[in-house]
Protein chains: 2
Amino acid sequence: MQITITGISNIAEVQPGNDLPGLILSGCEASGVELQAGDILVIAQKIVSKAEGQVVDLREVEPSPFAKQYAEKWGKDPRQIEVVLRESKRVVRMDKGVLITETRHGFVCANAGVDASNVPGEHMVTLLPVDSDASAARIRAVVKDRAGVDVPVIISDSFGRTWRNGIINIAIGVSGLMPLNDLRGQKDQHGYLMHATVIAIADELASAAELVMGKLAACPAAVIRGYNYEPAEGTAQELVMDPARDMFR
Amino acid sequence: MQITITGISNIAEVQPGNDLPGLILSGCEASGVELQAGDILVIAQKIVSKAEGQVVDLREVEPSPFAKQYAEKWGKDPRQIEVVLRESKRVVRMDKGVLITETRHGFVCANAGVDASNVPGEHMVTLLPVDSDASAARIRAVVKDRAGVDVPVIISDSFGRTWRNGIINIAIGVSGLMPLNDLRGQKDQHGYLMHATVIAIADELASAAELVMGKLAACPAAVIRGYNYEPAEGTAQELVMDPARDMFR
């Protein structure tokens, strides 16, 4: 099996209200990629958030006393801490200057996904999309309408991990495929019945795409070709662990 | 930027003492892949462990009273629990029938990487390589000697994650590249100085390769071509978080 991953550059700076599917399709054309059946489109969260207006001007944020106190202790911007708390439904860890929270989507990550990089204007931060699965579904529908091909869409963002250094890209929005490939009940080549093997393919696809997207180049999307998936109406919510199973709440 | 990932199948069942680099190079030839400078070779932990004889016959394991007690409570094989404990230097969580431990390498994972899938014989389990960075370095050296090209080697294994369902492949052994791409101090396209961005590219490369390797097909290796890395003497130890920074010990 062989897969190819192509970075889609040539996407102009995205502004709130922009036609993101249109910008991506133009980017594909400029990058020499014509979308085909079987392709998977991976899009950086940052441009989805920008297009949806999920951008906050910190000068308009009044931090709470709690945010101020924490920010002062750790040398952070109290307005940014305030935004992180507003984007969170629960604090998981708040120590050593690191703030790990659970977002409204159920994602556990640093700073609730609030981020100042790759945003023009030094007071501006982006938030995660309000409903990143719905964002993926909308983009997929418009791409299908205009390009005539139904391509799964993954919205990716970089998350840290417990116990390991560095961030990797994972899927925060999915439309058009199952994010988990459940092999339980199937047998390996030696006849061993697999009882625990569920592969988070949407996260692996997001990580694979990051390799061509990067953080410094203006390459906020990628097309993965040749990966054998089954079309289905999955969502990134299926990647969120049930609290009853979670041992690191 | 474009990368291609090609699965290397046609690798015979690996036995203890087998010449693994030789089997992989034959597999490359049979899969139509001629290794080139710039390629990255990703190899499944399972075949590395088998070649190194890191295989245990559970019939020869005498479980401790502690292992027996835990196994009985959760319906597990006490001999397998015993092997997991012997492979661990610390238990991180032991609850709900799940045993998450820290291995001698510092990796935190379920069952210390002890696994019964893809091993012939129903009483057999594989352990992680004793020193997976050394394994990667040895394979790289032999491949360089025989194929005349110095190709980074990543040994990958599938790990679960906190807060998210499903497993993904990550790097447990690295030779020939830096596993972390440290962008701190660099500026994004808007001039924002990145202060926290360190990307675990070895883990992303392992996840990308998993997409062509799978668990059911006999495809235990992959070649990644076109990824722009800097050759360097990095190891997977750099991916292990310093306990002083770790908030989920």
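Modeller: Both faces of strand β2(B) are covered, with I40(B), V42(B) and A44(B) buried on one side and L41(B) and I43(B) buried on the other. A residue is called buried if 20 or more other C-beta atoms lie within 10 Å of its own, exposed if 12 or fewer do, and partly exposed in between, with the C-beta atoms placed from the backbone. In a regular strand, side chains alternate between the two faces of the sheet. The strand spans residues 40-44 of chain B, and 5 of its 5 residues are buried. Strands are DSSP runs of E with at least two residues, helices are runs of H or I with at least four, and both are numbered from the N terminus.

This is a predicted model, in which local features need pLDDT of at least 70 and side-chain atom pairs count only at pLDDT 80 or more, while totals for chains, interfaces and linings use all residues. Residues are numbered from 1 along each chain as its sequence is written, and chains are lettered from A and ligands numbered from 1 in the order in which they are written.

Next, the neighbours of the strand. Two strands pair if DSSP finds at least two bridges between them. β2(B) pairs with β12(B), residues 221-225, in the antiparallel sense over 4 bridges. There, V42(B) has A222(B) as its bridge partner. β2(B) also pairs with β8(B), residues 153-159, in the parallel sense over 4 bridges.

Two residues are in contact if their C-beta atoms, placed from the backbone, lie within 7 Å. L205(A) and L205(B) have the most contacts inside the largest nonpolar core, which has 149 residues. A nonpolar core is a set of buried Ala, Val, Leu, Ile, Met, Phe, Trp, Tyr and Cys residues joined through C-beta atoms within 7 Å.

In total, 57 residues of chain B are in contact with 57 residues of chain A. On the chain B side, β1 (2-8), β4, β9 (168-175), β11 (198-199) and α6 (201-213) each give two or more residues. The largest share, 8 residues, comes from α6(B). Of the interface residues of chain B, 100% are also interface residues in chain A, so the copies meet through the same surface. Chain B can be laid on chain A with an RMSD of 0.0 Å by a turn of 180° and a shift of 0.0 Å along the axis, which is the relation of a two-fold axis. The superposition is by least squares on the C-alpha atoms of residues with pLDDT of at least 70 in both copies.

β5(B), residues 98-103, is joined to β6(B) by 3 bridges, and T101(B) stands opposite C109(B) in β6(B).

Two loop residues go with this sheet. K96(B) lies in the loop between β4 and β5 of chain B, and N111(B) in the loop between β6 and β7 (124-126) of chain B. Most residues other than glycine have a negative phi. K96(B) is not a glycine, yet its phi is positive, at about 55°; N111(B), also not a glycine, has a positive phi of about 55°. K96(B) counts as exposed because it has 11 C-beta neighbours inside 10 Å, whereas N111(B) is buried, with 22 other C-beta atoms within 10 Å.

Last, the other copy as a whole. Chain A has 6 helices and 12 strands. Its radius of gyration, 19 Å, is close to the 18 Å that the globule rule gives for 249 residues, so chain A is as compact as a globular protein of that length. The radius is taken over C-alpha atoms, and the rule is 2.2 Å times the number of residues to the power 0.38. Of the 249 residues of chain A, 50% count as buried.
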